[in-house]
Amino acid sequence: MQMTLRWYGSAFDTVTLEQIRQIPGVTGVISTLYDTAPGEVWSRERIRALKNEIEASGLTLAGIESVNIHDDIKAGGKSRDKYIKNYIETLANLGEEDVHLVCYNFMPVFDWTRTELARIREDGSTVLAYTQEAVDALEPEKMFDSISGDMNGTVMPGWEPERMAGIKELFALYKGVDEEQLFDNLKYFLERIMSVCEQYDIQMAIHPDDPAWSVFGLPRIMTTKENILRMTRMVDNSHNGVTFCSGSYGTNRENDLPDMIRSLKGRIHFAHVRNLKFITSTNFEEAAHLSSDGSFDIYEIMKALYDIGFDGPIRPDHGRMIWGEKAMPGYGLYDRALGAAYLNGLWEAIEKGRTR
Ligand code: DNO
């Protein structure tokens with residue numbers, strides 16, 4: 001595996017490439033052209049400029065998170081073929097620039113959903129948190145306003161103010177789209193992009209829905225072992241793979257994470273590893289990566305990845321805000337650096353334990 005950190009680009013991130021370069025064992029970043037809108041074609045020049053900047057700091061561009069999918073593709077709207085054509089062009093441009101991993105999600109309207117961005121934990125750190133009661137009490141249009149005050153002046157992925165401004169229209173677009181329809185729309189999209197993925201050896205890695213259940217009555221399908229296996233089989237091509245994100249699949253307490261990893265052998269192209277602490281089954285907060293700080297056995301998760309021969313990029317995921325840092329919630333430097341060191345330590349121990 002290759003240890004990486006997510007980096008939003010010098011115009012958006014509070015963390016620098018120079019800082020990332022000094023985290024032991026981190027050799028690459030997962031980045032994006034953060035100022036592009038879903039549906040836009042990414043030019044080769046901009047991709048190359050991003051890559052050059054990263055490489056000049058001694059790191060590699062290990063993949064893209066995310067090339068976002070236009071809502072017309074997800075909802076099966078009138079212009080989907082046009083946007084799929086643009087997506088294919090973006091993939092070809094990435095391939096030409098030697099980028100081979102693309103993370104994306106197929107969540108309607110909202111990307112990941114949290115109801116608090118700065119819940120204070122016992123040790124004084126702050127974390128992202130979710131309670132179902134808070135979502136149930138909110139009008140979807142108010143969701144953005146309810147959390148935007150805690151964004152530390154940053155733009156959070158999937159919560160871009162321009163998209164949120166059109167939220168009523170977005171909801172209308174998904175009227176009548178149920179889970180089956182969403183699966184069909186995903187299949188339609190995947191079938192059309194597989195040939196360019198094969199041509200350039202691009203691994204597509206769908207991100208799970210977070211939390212892994214329906215919010216605001218919108219359908220969500222990347223939620224369980226059964227559904228991801230259905231997704232991998234419905235377009236049975238190794239380029240059609242997944243981002244295994246423990247913090248997202250783990251929101252559903254019925255998901256057995258190591259078992260899911262084992263069942264996805266050969267199809268996990270990217271891994272996000274982080275921990276959650278459950279208060280009830282629908283009230284949880286994010287925790288440090290260390291197993292004992294939360295509810296997951298991170299050792300077992302890393303062992304399952306090791307056992308299936310996972311060799312793609314991995315990254316620590318959301319970190320707590322500690323030591324007075326002010327950054328995008330979940331994406332500060334300090335706790336993610338601790339997370340990377342811990343995950344690297346687990347991996348080294350598993351590897352050495354196996355080969356002796
Ligand atoms: C949140 C992230 C998501 C993820 C997208 C992938 O921190 O995990 O925004 O990047 O869902 O497209």
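Two strands pair if DSSP finds at least two bridges between them. Helices (H or I, at least four residues) and strands (E, at least two) are DSSP runs, numbered from the N terminus. The model is predicted: local features need pLDDT of at least 70, side-chain atom pairs count only at pLDDT 80 or more, and totals for chains, interfaces and linings use all residues. Residue numbers start from 1 along each chain as its sequence is written.

- Four strands form an open sheet in the order 5-6-11-10, and their pairing is antiparallel.
- Strand 6 (residues 126–131) and strand 11 (residues 283–286) run antiparallel and are joined by three bridges.
- Within this pair, N283 in strand 11 has T131 opposite.

- A residue is buried if 20 or more other C-beta atoms lie within 10 Å of its own, exposed if 12 or fewer, and partly exposed in between, with C-beta atoms placed from the backbone.
- Strand 8 (residues 240–245) runs parallel to strand 9 and is joined to it by four bridges, with T243 opposite F270.
- Strand 12 (residues 313–316) also runs parallel to strand 9, through three bridges, and here V273 stands opposite P316.

**Helix 9**

- Helix 9 (residues 179–200) contains 22 residues and reaches 31 Å from its first C-alpha to its last, close to the 32 Å expected at 1.5 Å a residue (1.5 Å times one less than the number of residues).
- A kink of about 40° is centred on I193; the bend at a residue is the angle between axes fitted to the seven residues ending there and the seven starting there.
- I193 is also among the buried residues of this helix, together with L182, N185, L186, F189 and C197.

**Ligand surroundings**

- Around the ligand lie E65, S66, C103, Y104, N105, D111, W112, P157, G158, H207, H318 and G330, where a residue counts as near if its C-beta atom, placed from the backbone, lies within 6 Å.
- Strand 4 (residues 101–105) gives the most to this shell, with three residues.
- The shell comprises four nonpolar, six polar and two charged residues; Ala, Val, Leu, Ile, Met, Phe, Trp, Tyr, Cys and Pro count as nonpolar, Asp, Glu, Lys and Arg as charged, and the others, Gly among them, as polar.
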